[in-house]
Amino acid sequence: MKKEAMELPSFSSILLLLLCAFTLAEVESVYFPGIYQSSLKKNGKTVKPKIPYKSQYFPQVLDHFTFQPKSYKIFYQKYLINSQYWHKGAPIFVYTGNEGDIDWFAANTGFMLDIAPKFHALLVFIEHRFYGESMPFGKHSYRSAKTLGYLNSQQALADYAVLIRSLKHNLSSEASPVVVFGGSYGGMLAAWFRLKYPHIAIGALASSAPILQFDDITPWSSFYDAVSQDYKDASLNCYEVIKGSWAELNSISTNNEGLAEISRHFRACKQVHSINSARDWLWEAFVYTAMVNYPTEANFLMPLPAYPVEEMCKIIDGSSPQSTKLSRAFAAASLYYNYSQTEKCFKLEDETDEHGLSGWNWQACTEMVMPMVVTNESMFPPSSFSYKENAEGCKKQFGVAPRPHWITTEFGGTMIEQVLKRFGSNIIFSNGLQDPWSRGSVLKNISSSIVALVAEKGAHHTDLRSATRKDPDWLVNQRKQEVEIIQKWIADYIQDMKQE
């Protein structure tokens, strides 16, 4: 995914989503962010979020889809639970875990906790297999394709189904309606769970869920077009400065003297070994800031001010016209990495996987193949995508080739309106148009019960965050709509149960 000098960041993994973590592979393709990459730090140290949940561990089977002896191996899957507001028979709200530590997602999904008292809901956050503490083979889980072969979305959905059924049985509350929630890759899983297991979940809230980012359903340039538009909307000058900064970076020599210059310019903690490290550092800051362009201060990916894209552009627009475009881009990107003003230097290389996200590399190289390109209209350098080269990179990294069309075979996506309007029901697709992942999601109502809630100024699953007194009216109204829709699902379910 990366080359020296003009080769653009590319990858052998995604989301994204995730995210989600991102990877750079040795193929000429576009830099593809995982859906998440973050670190919650205080005084330079990773901080474990404080959350009002109890940790539990469920004995989960390794392989739900074969009956070979090795399939029956048990691993312990972590889940979080809060029963503060619940009583027997009341709803169960389940978060379908993403590609990372479940504590992190629970800490950033305050919406469920906010509405739990209204519904008397039991809250459950289930960790995705091969992430966080839910490692089927312990520290050897990522050893090879033989172990990683059990990491995929279908196994994860089956995990959730088995755990939910067991939980309801153990609570003697079989009649409790279940609603699943998820954001980003977790939102994709929530939507797919409702479609695959309608007998277990009565509805799904899928926030910022790019279920249409596969095959050629969504234009391959859409993600980076959206990122660029965010900056252009904030300031045309800002967009043009960032667009011009890459050429200045590439003009720096890649010999030791040039790398030393980059290290000084970027305040690197250690001298960088590749010009690509500086490029990726800038690239990540601009992409993730667009994703989390929240209307209030937040610290989901990094501690950031309200509307951080605008704040970045203020830094660029307020800089001296005599300063280079690269220095202005660096100053703006520093907001992402150091808004808290605690970093004395920046780690451009050898970053640690703070949230256990690296399994996403495998998923992106097997099933989660989301093609992305960068056009000349983008503020990023142009780049292409090749299924063939992507497959070669994945084969080199893991010894397996991607199945690029498996997700649309397994879950659909093509002609989704015609399919789901006669088949699916009770799904909310919520999106904010400032989130680049929104281009790959469902943005129009499919039926009276599969609805799209679209916020013009929303970012990456803004609606799932905790409510604050500073929330704009559009966000308050979006959450109100979601609550009303979920209330109707539950009321309809209760009415159907009475008629049996």
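Contact here means heavy atoms within 4.5 Å. Helices (H or I, at least four residues) and strands (E, at least two) are DSSP runs, numbered from the N terminus. The model is predicted, so local features need pLDDT of at least 70 and side-chain atom pairs count only at pLDDT 80 or more, while totals for chains, interfaces and linings use all residues. Residues are numbered from 1 along each chain as its sequence is written, and side-chain values use heavy atoms, with hydrogens and water left out.

**Helix packing**

Two packed helices are described by the angle between their axes and the distance between the axes. The axes are lines fitted to C-alpha atoms, for helices over the stretch in contact, and angles run from 0 to 180 degrees between N-to-C directions.

| Helix pair | Axes come within | Crossing angle |
|---|---|---|
| α9 (residues 275–291) and α11 (residues 325–338) | 9 Å | roughly 55° |
| α6 (residues 222–234) and α10 (residues 308–317) | 9 Å | roughly 60° |
| α6 and α7 (residues 236–250) | 5 Å | roughly 130° |

Angles under 35 degrees count as roughly parallel, over 145 as roughly antiparallel, 65 to 115 as roughly perpendicular and the rest as oblique. The axes of α6 and α7 cross at roughly 130°, which makes α6 oblique to α7. In this contact, S228, Y231 and K232 of α6 meet L236, C238, Y239 and I242 of α7. By class, these residues are five nonpolar, one polar and one charged. The classes are defined as follows: Ala, Val, Leu, Ile, Met, Phe, Trp, Tyr, Cys and Pro count as nonpolar, Asp, Glu, Lys and Arg as charged, and the others, Gly among them, as polar.

Helix α6 also packs against α10, with a crossing of roughly 60°, and α6 is therefore oblique to α10. The crossing of α6 and α10 is right-handed. A crossing is left-handed if the near helix is turned anticlockwise from the far one by less than a right angle, and right-handed if clockwise. On the α6 side the contact is made by D230, Y231 and A234, and on the α10 side by V309, E310, M312 and C313. Five of these residues are nonpolar, none is polar and two are charged.

For α9 and α11, the crossing of roughly 55° likewise makes the two helices oblique to each other. Their crossing is left-handed. From α9, the residues W281, L282, E284, A285, F286, Y288 and T289 meet L326, A329, F330, A332, A333, S334, Y336 and Y337 of α11. Sorted by class, this contact has twelve nonpolar, two polar and one charged residues.

**Buried positions**

Buried means under 20% relative accessible area, exposed over 50%, and partly exposed in between (1.4 Å probe, protein chains only). Q60 belongs to strand β5 (residues 54–61) and is buried, with a relative accessible area of 1%. Not counting residues up to four places away in sequence, Q60 touches K73, I74, F75, Q77, D159, V162 and L163. A polar contact is a pair of N or O atoms within 3.5 Å; within protein, one must be able to donate a hydrogen and the other to accept it, and residues adjacent in sequence count only if both atoms are side-chain atoms. The side chains of Q60 and Q77 form such a contact at 2.8 Å. The Q60 side chain also reaches the backbone oxygen of D159, at 3.1 Å.

A116 sits in helix α2 (residues 110–119) and counts as buried, at 0% relative accessibility. Apart from neighbours within four places in sequence, A116 is in contact with Y85, A121 and L123. A116 and W86 are 30 residues apart in sequence, with their C-alpha atoms 8.1 Å apart in space.

**Loop residues**

D101 lies in the loop between β7 (92–96) and α1 (102–107). Its side chain reaches the backbone nitrogen of G132 at 3.4 Å. D101 is 23 residues from K78 in sequence and 9.4 Å from K78 in space, C-alpha to C-alpha.

Most residues other than glycine have a negative phi. F130, which is not a glycine, has a positive phi of about 75°. F130 is in the loop between β8 (122–126) and α3 (145–148) and is buried, with 0% relative accessibility. Y307 also has a positive phi, near 45°. The loop between α9 and α10 holds Y307, which is partly exposed at a relative accessible area of 24%.
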